[in-house]
Amino acid sequence: MTTKTALSSVPLHDLIANRWSPRAIAADKAISKTDLLALLEAARWSPSCFNDQPWRFVVFDKNTDLASWETALSVLVEKNQLWAKNAPVLILSVAMANFNHNGATNRWSGYDTGAATMSLSLQATALGLVVHQMGGFDGSKARELFALPEDCTPMAMLAVGYQGEVDDLADDFKAAETAERSRKPLAEQFFAGKWGVGV
Ligand SMILES: Cc1cc2nc3c(=O)[nH]c(=O)nc-3n(C[C@H](O)[C@H](O)[C@H](O)COP(=O)(O)O)c2cc1C
């Protein structure tokens, strides 16, 4: 199984260092109900602006509702379908557009939904699961097929499961699966006191 621990200038918590986004997902390993609930609880306990909790997550579990799972798979772009087809669970993350307390536009809803998704992802890492987020899906189709309300934005589809074998991936994906993870240098994006002044 490929591990891709983040290379950092100082040690990181194992959960953060070891989380990554594999495409090789074991087709034959279901996620227990307890583990699935733990992922959702982790997202639920995320912080949000005004504690509005603007995220919504629609869970598609292949093992309990194959028809919905197949519909979720069908909204992915073809390239994502090629590997996400092995994920026992797909989850659609959705951000509600307006605040509950006054109906005004919540410009942090995408931010908060992303933060909740990261909590979910780290809980997954802690449970030995993997999460691979995808922006490559048809949002309009998802809106229609899953009867999403008007005042929301479908943000990402998450493939969730246990890591699988690189050899089981289609050839097109093998190189990326084993390649080193990369990030820009710290000082290019993290500033000290003033924009552009690297830490
Ligand atoms: C919002 C979002 C959309 C993404 N969309 C896709 C996608 O459509 N297909 C894909 O294979 N990976 C997708 N990814 C995964 C990223 O490519 C991946 O997170 C990035 O390369 C960093 O790798 P790491 O998560 O392993 O650290 C997406 C990630 C995020 C957060």
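Colleague: How do the residues of the shell around the ligand divide into nonpolar, polar and charged?

Modeller: Three are nonpolar, five polar and one charged. Ala, Val, Leu, Ile, Met, Phe, Trp, Tyr, Cys and Pro count as nonpolar, Asp, Glu, Lys and Arg as charged, and the others, Gly among them, as polar. This is a predicted model: local features need pLDDT of at least 70, side-chain atom pairs count only at pLDDT 80 or more, and totals for chains, interfaces and linings use all residues. Residues are numbered from 1 along each chain as its sequence is written.

Colleague: Which residues are around the ligand?

Modeller: They are Trp20, Ser21, Asn80, Gln133, Met134, Gly135, Gly136, Ala156 and Arg181. A residue is near a molecule or strand if its C-beta atom, placed from the backbone, lies within 6 Å of it.

Colleague: What makes a set of residues a nonpolar core?

Modeller: Its members are buried Ala, Val, Leu, Ile, Met, Phe, Trp, Tyr and Cys residues joined through C-beta atoms within 7 Å. Buried means that 20 or more other C-beta atoms lie within 10 Å of the residue's own; 12 or fewer make it exposed, anything in between partly exposed, with C-beta atoms placed from the backbone. The largest such core here has 39 residues, and Val89, Leu90, Ile91, Met157, Ala159 and Val160 have the most contacts inside it. Elements giving it two or more residues include α2 (33–44), β1 (55–61), α5 (109–126) and β4 (152–161). β2 gives the most, six residues.

Colleague: With which residues is Val160 in contact, leaving aside neighbours within four places in sequence?

Modeller: With Ile31, Ala87, Val89, Ile91, Ala124, Leu129 and Val131. Contact means C-beta atoms, placed from the backbone, within 7 Å.

Colleague: How do you know that the span of α5 agrees with its number of residues?

Modeller: The expected span is 1.5 Å times one less than the number of residues. For the 18 residues of α5 that gives 26 Å, and its end C-alpha atoms are 26 Å apart, so the two agree. Among its buried residues are Asp112, Ala116, Leu120 and Ala124, and what covers the buried residues of α5 includes α2, β1, β2, β3 and β4.

Colleague: How many helices and strands does the protein have?

Modeller: Eight helices and four strands. Both are DSSP runs numbered from the N terminus: helices are H or I, at least four residues, and strands are E, at least two.

Colleague: Why is the protein called as compact as a globular protein of its length?

Modeller: Because its radius of gyration is 18 Å, close to the 16 Å that the globule rule gives for 199 residues. The radius is taken over C-alpha atoms, and the rule is 2.2 Å times the number of residues to the power 0.38.

Notes: Contact = placed C-beta atoms within 7 Å.
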